[in-house]
2 protein chains.
Amino acid sequence: MMDRLLRINMSAEGGPMVSTVPVGVYAGLGGRALTSAVISSEVPPLAHPLGEDNKLVIAPGMLSGSVAAMSGRISVGCKSPLTGGIKEANAGGQPSQVLARLGYAALILEGKPKDGDLYKIFINKDGVKITPDNSLRMLGNYDLVEKMKGEYGDKIACISIGPAGEMKMSAASIACTDIEVRPTRHAARGGVGAVMGSKGVKVIVLDDTGMASRAPKDPEKFKAANKAFVEGLKKHSVTGEGLPTYGTNVLANVINEAGGYPTHNFLWGRFPGVSLISGETQAETEIARGGVATHGCHRGCTIRCSGIYMDKEGHYLTKQPEYETVWSHGANCGIDDLDAIAMMDRLDDDFGLDTIEMGATIGVAMEAGLARFGDAQAAINLMKEVGKGSPLGRILGNGAAVTGKVFGVERVPVVKGQALPAYDPRAIQGMGVTYATSTMGADHTAGYAVTANVLKVGGYVDPLKPEGQIELSRNLQIATAAIDSTGMCLFIAFAILDQPETFQALLDLLGSFYGNPMTGDDVTALGKKVLTMERDFNERAGFTNKQDRLPEFFKKEKLPPHDTTFQVADADLDKVYNW
Amino acid sequence: MMDRLLRINMSAEGGPMVSTVPVGVYAGLGGRALTSAVISSEVPPLAHPLGEDNKLVIAPGMLSGSVAAMSGRISVGCKSPLTGGIKEANAGGQPSQVLARLGYAALILEGKPKDGDLYKIFINKDGVKITPDNSLRMLGNYDLVEKMKGEYGDKIACISIGPAGEMKMSAASIACTDIEVRPTRHAARGGVGAVMGSKGVKVIVLDDTGMASRAPKDPEKFKAANKAFVEGLKKHSVTGEGLPTYGTNVLANVINEAGGYPTHNFLWGRFPGVSLISGETQAETEIARGGVATHGCHRGCTIRCSGIYMDKEGHYLTKQPEYETVWSHGANCGIDDLDAIAMMDRLDDDFGLDTIEMGATIGVAMEAGLARFGDAQAAINLMKEVGKGSPLGRILGNGAAVTGKVFGVERVPVVKGQALPAYDPRAIQGMGVTYATSTMGADHTAGYAVTANVLKVGGYVDPLKPEGQIELSRNLQIATAAIDSTGMCLFIAFAILDQPETFQALLDLLGSFYGNPMTGDDVTALGKKVLTMERDFNERAGFTNKQDRLPEFFKKEKLPPHDTTFQVADADLDKVYNW
């Protein structure tokens, strides 16, 4: 059963205090629905994000810990130091399954230690042990995880922060270990790592030895639904072919062709060097060097969009960098060197940083004249400053908005303080609606309009025109908020949007697991409920429709090659939450 | 006549374009009323503060350029890079009188140069000349003004930016020259210097040779009113005695005694070293070294609260540092060395920086561990980083909020991103109301509740209790918005609050000058009109009542010696603008 909350009060006199309490009013919620419910009802909206009143909620999804395929996402929620609003960032890797099997609906870090100690938390079937361990200070995630394996064995899953989180940088991520127990899967966006750092927690080590998978209420129906679900994923071209073969970076050529591949800090929509950094080139490089091009990030993944990237000498460098990472450190900075990009991905993972935010930030730094566009070594050097925590590194580690402000740059691609990802809103207007109106700040995963705008999944909406984008983004944002609550990887969306029988299989998985039949309307209602809570928190934190806007340069500067600006009217953006 | 607007379009093809246009819809407005009217109606509220759509409005007051005593304040308005809201910062010195005599109700810088050139603007009776002059790049205000005197003679008044403005720092000020043609009077708050920098304008040189004082409609009545007005100022103890003898820093002992002198980044309300940096010590030091302790900042000043501060060798170092400057660089950083404080004042004036923001920022940097509290040399070194524009200097030059964010500090004393000045809101609760609710961000001049809370001017309201503070702050904010529009120095407020006949003299000055009798109700109506415009702009820029709040530590941490927290309820703060 996943029926308990593990609350850890870091403020307690004499050291952190653990209380295991029934899930209570949060019963039936998981993932994003749970993290947003806790933050929305327990954190004062005007609290300082790094203060004792903020909370860090780490929640497996509704199906995590079961044998359902693709159910390994874990949600991390808090008030964001980057946006000042509510935040949910989710990650793959092993921790979701392990935490769920240990019986916890969520782990909630509360308060703030009065001493300056840094803590590690170990959780297994016998309970929870919290130990101050200042020897972990400023360790990179890779060394940290190695040290934990030395102490606790290699059957563990870790949730941790690198130096960036300890330095409370607004671009700091929380790392989750993958199947190989490497810290490669990150709840990356919105500075969640800084909040973990402010709580004085370096690492949470999980061991589910002796625990079983979570059992469905109706095992027969659940098994059948899972089979149909996996079959559905296999037969869809995106999840059955494109993603496994080339990974998410299969999109580089596609988005570049669509003219929406932001290049040189969102100056152009196509990158001349795209073929050198595309998913095809990346997969070929991986295979040639003895790496892997088709690999899952957690047990139970059947899409296997990840991979393993070796350096020129054939040694492990990093997991296969994602499309958004290759874009942010690549095209956005004018860099066409895949090895340099992979090195920055490694540094991001090791320091504990959001790759999207960091690539966007380096783009802004290049615009400010701190380095030339295209200079890979200069970009790597900037990354290293972040790891060192030099003044320059502190600036960069706090993201694109702070960097733009500090260096007086006007063209800063952020919404609500969070950097725009790898899809230019002038060429893919539906994404612009999501960026502008998401409760999370600019976030492609919040409502991935690339589906209908470019991939022709779930219908087609002309990406260059404003018509239809509001409805498209709204429906995707609702569906996503629900999917982010199930623990399912968002990539199931391609198949469930196109194949009614696969969507039905998902409903059957949920229904048979909980013993309550679930309908499409239930999913929609869940998504709306999550978004409503989040939006309400943001309003109480001081957000208005004025924050639901793209930076003005997207409305003024035309993006080649289509020479379009963002055309969706402000008044229409204000209708996204009218349902 | 002051009936023209001088608009300079810095975006024009082939270089800046000048147009002199009738004052039109803005007729009758001056100072803050005029700057806020222009910004409110002409600048898109969501424009980037450093972008081409922002405007920099420089406006003498309604009585500036006349022979009315104390009428030498000049208002600078824009959308603020520091707060993101509307901004009016005003300064003394000579430019207000000179610009008014040249016949301009306001100078408005618009657009943004397409080339990277830096410009100087010369204005005299014959017109306007704009010249690119890249030899001025990164000059400090002192060297710059010397250079201008070499080129244009010493009968000029200058409005200029230092390196901070060129680097578009959010703490950058705009300097105005004083009677000695030194760049010592600053429109300091809110980053107005960064906006001037973004317009590519380094200096505006004004020469009113050949121009006469602005003539009143009823010269006899005006003369009599001016006489009564000056007499009123002379007989009030604050403007007739305290301010002339010791300058504004006469407050150091007073506010320290009241327990509201913020020390060590707002940790305590009293500073053990206050006697070493008080106004009394300062005046004594000035006189002993051959400086001046009683001096006006502009011709026509009869209060003469300023002075001239010499170094130990008897050479000019800076003008007499103000109370807020001595506090910010002194007590707030634990520094009790008057010479070090004067050196930082000099550096602020030379680099073009807001002394309040910089002292508060160094306090936050000390809290972050970048220097020890009390280490004067370390503080000076931090200031020099700002002048150099090193990464650390760029952080600090962008103010306390950015510095707090970059270094992960929780205790950051700002409202709407602007640093709190020298009065702790827990010991002087009326100031807390002004800080929280002012359209300007935390600003003591916006509604100086120290009057009734501490000085017992204009009545008495217990400073430690919430009762009566809303009404006090509201009335002061209304009156101040009006006074800031007249060109009058705010220090006339002491006498007009306590002496009905002095208030009547001010009304008669305005009435006889414009030929329209003016009543107290008219003044109130003007103040409300200004605040309403400003508040409306801020709302359209995305501000809500959630930004009308003090940082949470003022509500949580008790301030010694009174051990009080800020007690005014949020719901009451929301009533300030209900009139």
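A:Glu13 is exposed, with 7 other C-beta atoms within 10 Å. A residue counts as exposed if it has 12 or fewer such neighbours, so A:Glu13 falls on that side of the cut-off. Where in the chain is A:Glu13 found? The residue is in the loop between β1 (4-9) and β2 (17-22) of chain A. Although A:Glu13 and A:Asp115 are 102 residues apart in sequence, their C-alpha atoms are 9.6 Å apart in space. Please keep in mind, as you look around, that this is a predicted model.

Let's step back and view the whole of chain A. The chain has 579 residues, and 65% of them count as buried. Its secondary structure comes to 24 helices and 17 strands. Along its principal axes, the C-alpha trace of chain A spans about 60 × 55 × 50 Å. Now think about which parts of the sequence meet. Among the contacts in chain A between residues at least 6 apart in sequence, 71% join residues at least 24 apart.

The chain can also be read as a set of domains. The domain assignment of chain A gives domain 1 (4-206), domain 2 (218-246 + 425-579) and domain 3 (265-421). Notice that domain 2 is written as two stretches of sequence, 218-246 and 425-579. How far apart do the C-alpha centres of domain 1 and domain 3 of chain A lie? They lie 24 Å apart. Where these two domains of chain A touch, 38 residues of domain 1 are in contact with 32 residues of domain 3. On the domain 1 side, α3 (141-152), α4 (163-166) and β11 (185-187) of chain A each supply at least two residues. Of the elements there, α4(A) gives the most, with 3 residues. By class, this side of domain 1 of chain A has 16 nonpolar, 19 polar and 3 charged residues.

Strand β14 (residues 306-310) of chain A runs antiparallel to strand β15 (residues 316-319) of chain A, and 3 bridges join them. One bridge pairs A:Tyr309 with A:Thr318 in β15(A). Together β14(A) and β15(A) form a hairpin with 5 residues between them. In the turn you can find A:Gly314, which has a positive phi of about 85°.

Now move to chain B and a strand that is mostly covered. Strand β3 (residues 56-60) of chain B has 5 residues, and 5 of them are buried. In a regular strand, side chains alternate between the two faces of the sheet. You can follow this along β3(B): B:Leu56, B:Ile58 and B:Pro60 point one way, while B:Val57 and B:Ala59 point the other way. Are these residues buried or exposed? All are buried, whichever way they point.

Which strands pair with β3(B)? One is strand β6 (residues 104-110) of chain B, which pairs with β3(B) in the antiparallel sense over 3 bridges. Here B:Ile58 has B:Leu107 of β6(B) as its bridge partner. Another is strand β4 (residues 74-79) of chain B, which pairs with β3(B) in the antiparallel sense over 4 bridges. In that pairing, B:Val57 stands opposite B:Gly77 in β4(B).

Next comes the nonpolar core. The largest one has 377 residues, and those with the most contacts inside it are A:Ala106, B:Ala106 and B:Ile492. Take B:Ile492 as an example. Leaving aside its neighbours within four places in sequence, B:Ile492 is in contact with B:Met70, B:Leu233, B:Ile483 and B:Leu506.

Finally, look at how the two chains come together. In all, 27 residues of chain B are in contact with 27 residues of chain A. The elements that give two or more residues to chain B's side are α15 (391-397) and α16 (399-406) of chain B. Of these, α15(B) gives the most, with 4 residues. By class, chain B's side has 12 nonpolar, 8 polar and 7 charged residues.

How are the two copies related? A rotation of 180° with 0.0 Å of shift along its axis superposes chain B on chain A, with an RMSD of 0.0 Å. The two copies are therefore related as by a two-fold rotation axis. In chain B, the C-alpha nearest the axis is that of B:Pro391, 2.9 Å from it. Because 100% of the interface residues of chain B are also interface residues in chain A, the copies meet through the same surface.

Note on methods: Residues numbered from 1 in each chain as written. Chains lettered and ligands numbered in written order. Predicted model: local features only at pLDDT ≥ 70, side-chain atom pairs only at ≥ 80, totals over all residues. Contact = placed C-beta atoms within 7 Å. Nonpolar A, V, L, I, M, F, W, Y, C, P; charged D, E, K, R; others polar. Least-squares fit on C-alpha atoms with pLDDT ≥ 70 in both. Buried ≥ 20, exposed ≤ 12 C-beta atoms within 10 Å, placed from the backbone. Pairing = 2+ DSSP bridges. Domains from an automatic or database assignment. Core = buried A, V, L, I, M, F, W, Y, C linked by C-beta atoms within 7 Å.
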